[in-house]
Amino acid sequence: MVQNTIEKIEEKIRTNSSLNKKNKAELLDLLATLKPEMTKLSKAQAEHAESIAGFIERSTHEAMRQEKNPTLLKIAVDGLSASVKGFEVSHPQLVENVNYIANALANMGI
C-alpha cells in the first residue's frame, strides 16, 4: 500500500504543470531515496508507514497546486515532519529523507 501511494505521488509529480523540471527532478530523486526506507518501515510498522506516506501525499499536493495556499502547505509539511518523530534512533535515514522532502516542499511553496 505504501509503495502504491509513493508511485501515485511520483506520477502526479511527473505530470504536474506547475512544477519546473528542476523541482520535479529534485522531488523524484528524494522519493526514490525514500522508497527503500518506507519499505522497511512498512514491514515493521505498517500504520506509521501509511501515515508518513499520507503526509507526503498531502504535502506534495499542496506544493503543486496552481493557487498555492501557504497556510495549508505549512500545516501539511508540519504534519509530515511530525509523522517521523520518534524514528530518529530506529530509522535515522528515513527521518533525514522525510525532512529533506519537507524542506524542499516548503521552499517550493514560497
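**Labels and their rules**

Guide: Take K12. Its relative accessible area is 44%, so K12 counts as partly exposed. Buried means under 20% relative accessible area, exposed over 50%, partly exposed in between (1.4 Å probe, protein chains only).

Visitor: What kind of model is this, and how are residues numbered?

Guide: It is a predicted model, where local features need pLDDT of at least 70, side-chain atom pairs count only at pLDDT 80 or more, and totals for chains, interfaces and linings use all residues. Residues are numbered from 1 along each chain as its sequence is written, and side-chain values use heavy atoms, with hydrogens and water left out.

Visitor: Which elements does the protein have?

Guide: It has 5 helices and 0 strands. The order from the N terminus is α-α-α-α-α. Helices (H or I, at least four residues) and strands (E, at least two) are DSSP runs, numbered from the N terminus.

Visitor: How do you know that the protein agrees with a compact globule?

Guide: Compare two values. For 110 residues, a compact globule would have a radius of gyration near 13 Å; the protein has 13 Å, so the two agree. The radius is taken over C-alpha atoms, and the globule rule is 2.2 Å times the number of residues to the power 0.38. The C-alpha trace spans about 35 × 25 × 20 Å along its principal axes. Of the 110 residues, 41% count as buried.

Visitor: What makes E57 and K12 a salt bridge?

Guide: The rule asks for a side-chain nitrogen of Lys or Arg within 4 Å of a carboxyl oxygen of Asp or Glu. For E57 and K12 the N to O value is 3.8 Å. That is within 4 Å, so the pair qualifies. The pair links distant parts of the chain: E57 is in helix 3 (residues 46-64), K12 is in helix 1, and they are 45 residues apart. E57 has 22% relative accessibility, so E57 is partly exposed.

Visitor: Why can such side chains pair at all?

Guide: Side chains of opposite charge can pair when their charged atoms come close. By the rule, the count here is 7 salt bridges.

Visitor: Where do R14 and E11 lie?

Guide: Both are in helix 1 (residues 2-15), 3 residues apart, about one turn of the helix. R14 is partly exposed because its relative accessibility is 46%. E11 is partly exposed too, with 42%.

Visitor: Why is E37 called buried?

Guide: Its relative accessible area is 11%, which is under 20%, so E37 is buried. E37 also forms a salt bridge with K40, the closest N and O atoms being 3.3 Å apart. Both lie in helix 2 (residues 21-44), 3 residues apart. Elsewhere, salt bridges that share partners join R58, E62 and R65 into one network.

Visitor: Is N97 buried or exposed?

Guide: N97 has 3% relative accessibility, so N97 counts as buried. N97 lies in helix 5 (residues 92-108).

Visitor: Which residues is N97 in contact with?

Guide: Contact means heavy atoms within 4.5 Å. Leaving aside neighbours within four places in sequence, N97 is in contact with T33, L34 and E37. Across the protein, residues 24 or more positions apart account for 65% of the contacts with a separation of 6 or more.
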